Structure formats: C-alpha cells, structure tokens
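Please look over the sequence and the model first.

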Amino acid sequence: MFVNIKKATSFEHVKSKAISIEHVESIIPTPSTATIRHDVDVGRHAGEEIPTDPIPKPQLGASFELDEAVVEVLPVPGSRVLTAKTYGMSLWGHTGKITVDLPGGGQETYFIKTVALGDSGRMMIEGEFESLKAINGVSSDFAPLPYAWGKYRESETYFLLAQFRGVGDQPPDPAKFTARLAEMHKKSVSPTGKFGFHITTCHAKLPQVTDCWEESWEVLYGKQLSHMINLDQEKHGSWPEFQLVCRLTLDKVIPRLLGPLQSDGRSIKPCLVHGDLWDENTATDMATGEPFVFDAGSFYAHNEYEIGNWRAARHRLSSKAYVKSYLNSENFPASEPVEEWNDRNLLYSLRFDLGTAILIPGCNQRQVVKDNMTVLCKKFFPDELRLLENQAETPLQVAIRGGGAEEEEEEEEEELE
C-alpha cells in the first residue's frame, strides 16, 4: 500500500519555501511532537582522519505511541500493533521498529522514520520513499521496500514506513557490496533517457537539484554544486577567497572535466544512484548476510558521482578495497577519459564535502572544499586563477605589496650610491 499525499513541488517552490538554512536548523523530532537534540559527533560525521572505532550498532530503546495515521497504512489490514520502539538514531528525525500481530497468524516487523521539519520534513520523507522505490525497482532487496509515507494527524510530523532490515556489519563486505552497487548502476534506466529525477530528493535535510531533466551531465552537476555553494554562503556568510575558486570551478573546471564525458564520440549512461552513500547508510543484513543500502536521496547521474562521497578519509568506504572493487572490469570500469578519473572524483567530492560543511557545526570541511577547488583550478586553469587572485586583492594588500616594492627600490639605490 502506497500513500501519496501530494505531488512534489517544483524546485523553484522548494527554493522559495523550504531550503532556507534557518528553516531547517537542527530540530530533531521524536515520533511524537516533542523535540530533542542529539550531540553531533564531528569526528564521526565530518572528521578528517580514517576512523578506527567500530560503528555503534543500532539498539532498541524506549516504547512510543504510534500515531493512527501510521496504523491506517500498515501493509496488512487488520494487523494489531504489539510494540513500537526506538531503533538506532537519526540526526534529523527519529527511527523505530514496529512489531505487529498479523490477522492470519504470525508476526511482522516494520521500520519507521519520522521528521518534524515542516515542508522540509515532507520533502525529505517523500524523497526517501521515492528513492527506495526506485532502487527496489531496479535491484530488489538492495534497499528496504518502502510501504507508505504520510503525515501525522495532529502535527507537522511526516513519516516513512518501510521493511525492517536488521543492521549488521557496516560497511558490508567490499566485493559483495560493490558488485550489488555496480549492478544497480548498470541495470537502471532513466525514464527520460536524461539526468535528473521526477521529484526533489535530499542529502540529509538539504534539498538537492534533482527535480529536472538534463541531457547534459555537466549541466546538472553544475546546478547541484552551485546550489550547495549558495546554501553554504547562506549558512556561513561571505568568504571572498572561497567564492573566487567556487566561480572558477563552476565556470571552467566543471566544463573541462565533465564535458569530455559526452563529446568526441563519448557518452555516459544516466544511472540511478543512492545519492548519499557513506558507511552508515550501508549495512549487512543480519538475516541474509547480504549488503543493502538505506537513507537514500536518489536521482539519475554519472555513476562515478556515487564514489565522490568515498574520497573523504572519514569514510571507511574510502578504503582502496571498495574503490578498486567497484572499478574492476566485472563491475563498472572508469569512464573515458580514464586518465582523468581521479580529477573527476575530486570534483564530485566537493558536492558531498560542502554538504557536510553546511550540516555539521564545527567541522573543517569548508576549508577542505576550498583547498580541493584550488587544487583543481591550479592544475587546469593556473593563469585564470592568478588573474582572479590579483583582481581580488584589497586596496590594503595592494598598498602593502606596493610599499614593499618601493622599499626594495630604495635599498637598491642606497647600494648603488
């Protein structure tokens, strides 16, 4: 049974009503209308070092009252709710496990996620529902099957009801996991033959530019990165040196690195991607031993975009075992030009690291993004970068530089005398 409250709005509507950073600051709902705040582990979510501690296992917690709106959309009519308990943790909402008695005998369990962030919460929940549905349509059992999404009766809390999968090892075995991921990428077919998606999906609580269709991957990725740059400036304020490399990256680096993918006889297939694939959105199913993914923000993209999120050392997926296994000849080899794979991977990482900079207070990812943009700009457009840096000098910097030159000239004259 699927519940579709209303069609997703256009990106313009999202931009005007729902993507204000102030509108989606860290209010974290319980399954009721009360709110709590989780302390964000910066090292875990936005650190710069390879993690050594194991990922904490999700635990069953306190019981909570299940809203009637959820009971009404249980997949088997007549089911009787036995328990509803918290399970695991979400930075932006609340997650739980529901156990029911089935009318014909036996029991079943379901997963529930709730988010109480108004329009943003609705967008997050609907986007995840459509993402999981799309993944299951291509690669069954690679993601929990979504059953319904909707809104609580008496509050602005939105919920997702899905198949419950017990979370085992995270991340899963490299060979098994990358084979399933590559299978999804290869088997997926864009309904329009273009890049994009039919609704807006989210990276955590940040809406992405997905509700559009583009022939050019270069164009869509440019929109994605530009959107994140704008959100970052709204969140953190102006930083002229950063804006300088952002502009050069958008105007020059993206066309230089992504244009060749679809020119001179080359082409790439729009592939369904998970959209936010990091360690804690992957797991080994405790019942089957098979890898699966969850918490998706999908759209049709260049398959290598998915791997951009693995570049950061904070992710266990950055291990060579995962990257090499994905790129091997049996899975999904690098696109042509192959020699620019690493540069494209660095370019794609900007999008994910900038999202982290916006979402995780106190992290250093904004500086990381600036440094990595500078690396790409220096490699491909060093003259343009120097020109922009010179043009961006403040009057004080010019005066200091000029004063230094005058002092050197005076010293030279004294030596000549």
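Buried residues (under 20% relative accessible area with a 1.4 Å probe, protein chains only; exposed is over 50% and partly exposed is in between) make up 53% of the 417 residues in the protein. This is a predicted model, in which local features need pLDDT of at least 70 and side-chain atom pairs count only at pLDDT 80 or more, while totals for chains, interfaces and linings use all residues. Residues are numbered from 1 along each chain as its sequence is written, and side-chain values use heavy atoms, with hydrogens and water left out.

**Overall make-up**

- The protein has 13 helices and 16 strands, taken as DSSP runs (H or I of at least four residues for helices, E of at least two for strands) and numbered from the N terminus.
- Of the contacts (heavy atoms within 4.5 Å) between residues at least 6 apart in sequence, 71% join residues at least 24 apart.

**Helices α5 and α9**

- Two packed helices are described by the angle between their axes and the distance between the axes.
- Helix α5 (residues 174–187) and helix α9 (residues 320–327) have axes that come within 9 Å and cross at roughly 40 degrees; axes are lines fitted to C-alpha atoms over the stretch in contact, and angles run from 0 to 180 degrees between N-to-C directions.
- α5 and α9 are therefore oblique to each other, the class left over once angles under 35 degrees (roughly parallel), over 145 (roughly antiparallel) and 65 to 115 (roughly perpendicular) are set aside.
- On the α5 side the contact is made by Pro174, Ala175, Phe177, Thr178, Leu181, Ala182 and His185, and on the α9 side by Ala321, Tyr322, Ser325 and Tyr326.

**Thr249**

- Thr249 belongs to helix α7 (residues 240–258) and is buried, with a relative accessible area of 0%.
- Its side chain reaches the backbone oxygen of Val245 at 2.7 Å.
- Apart from neighbours within four places in sequence, Thr249 is in contact with Leu225, Ile254, Leu347, Leu350, Met373 and Cys377.

**Backbone features in loops**

- Gln170 and Pro171 are joined by a cis peptide bond with omega about -15 degrees; Pro171 lies in the loop between β8 (158–163) and α5.
- Another cis peptide bond joins Glu336 and Pro337, with omega about -5 degrees, and Pro337 is in the loop between α9 and α10 (341–359).
- Asp141 is not a glycine, yet has a positive phi of about 75 degrees; this residue sits in the loop between α4 (118–138) and β7 (146–151) and is partly exposed, with a relative accessible area of 48%.

Definitions and conventions: Polar contact = N/O pair within 3.5 Å; in protein donor to acceptor, adjacent residues only side chain to side chain.
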